[in-house]
Amino acid sequence: MSVYEKLKALNIDLPAVASPAAAYVMYVQTGNTIFISGHIAKKDGKPWVGQLGKNMNTDEGKQAARSVAVDLIATLQAACGGDLNRVKRIVKVMSLVNSTADFTEQHLVTNGASELFGEVFGEQGRHARSAFGVAQIPLGACVEIELIAEVA
């Protein structure tokens, strides 16, 4: 099953690629490696604001991370010239979770993105990963994720 068939089976329509919110670009390619800038969680087109351990639980955070993954896939598609079938591997994911000092489930929140990459890209979606708890994320968003991918 192609990446596009998997997206369709998951009822995922990729959104338009967001514009940078500051002095950076959405992605950079060097050789066969694409580095995608951090994307924040959005809900209804606006920043998904919240702090894990304060006013959001792990399941909500996991859904937010999944929403970030959809946006990252859309940007990856743009970086691949419109063809996600060029993706050879999702190499690395780094996740920042806006959380209280005593919240310790950043890794479970980040599974929302990691699991979607696996569903969409299969074995090529399995990746190295870091998940951090941070005091704040731009615009008060609950999750921010960046991605590194290898392409053909």
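Author: Happy to! Let us begin with a term: a residue is called buried under 20% relative accessible area, exposed over 50%, and partly exposed in between, with a 1.4 Å probe and protein chains only. By that scale, Val-28 is partly exposed because its relative accessible area is 43%. Please keep in mind that this is a predicted model, where local features need pLDDT of at least 70 and side-chain atom pairs count only at pLDDT 80 or more, while totals for chains, interfaces and linings use all residues. Residues are numbered from 1 along each chain as its sequence is written, and side-chain values use heavy atoms, with hydrogens and water left out.

Val-28 sits in strand 1 (residues 27–30); helices (H or I, at least four residues) and strands (E, at least two) are DSSP runs, numbered from the N terminus. Together with Val-25 and Phe-35, Val-28 forms a nonpolar surface patch with about 250 Å² of accessible area. Patches are built from residues with over 30% relative accessible area and no salt bridge, joining like charges within 9 Å and nonpolar side chains (Val, Leu, Ile, Met, Phe, Trp, Tyr) within 5 Å. The areas come from the Shrake-Rupley method with a 1.4 Å probe, and for residues only the protein chains shown count as cover.

Now to the ties. A search of the whole structure turns up four salt bridges, each being a side-chain nitrogen of Lys or Arg within 4 Å of a carboxyl oxygen of Asp or Glu. One of them joins Glu-115 and Lys-62, at 3.1 Å from N to O. This pair links distant parts of the chain, with Glu-115 in helix 3 and Lys-62 in helix 2, 53 residues apart. Glu-115 is partly exposed at 37%, and Lys-62 is partly exposed at 25%.

Another bridge pairs Lys-88 with Glu-150, whose closest N and O atoms are 3.7 Å apart. Lys-88 lies in strand 5 and Glu-150 in strand 7 (residues 143–151), so this pair ties together parts 62 residues apart in sequence. Both partners are partly exposed, Lys-88 at 43% and Glu-150 at 29%. Arg-126 and Glu-123 also meet in a salt bridge, at 3.5 Å from N to O; Arg-126 is exposed at 53%, and Glu-123 is exposed at 52%.

Back to helix 2 (residues 58–79). Its 22 residues should span 32 Å, and the end C-alpha atoms are 31 Å apart, which agrees; the expected span is 1.5 Å times one less than the number of residues. Just after helix 2, Gly-81 takes a positive phi of about 70°.

Finally, look at His-39 in strand 2 (residues 33–40). At 6% relative accessibility, His-39 counts as buried. Its side chain makes a polar contact with the side chain of Thr-75 at 2.7 Å. Such a contact is a pair of N or O atoms within 3.5 Å; within protein, one must be able to donate a hydrogen and the other to accept it, and residues adjacent in sequence count only if both atoms are side-chain atoms. Leaving out residues up to four places away in sequence, His-39 touches Met-26, Val-68, Asp-71, Leu-72, Thr-75, Val-143, Glu-144 and Ile-145, where contact means heavy atoms within 4.5 Å.
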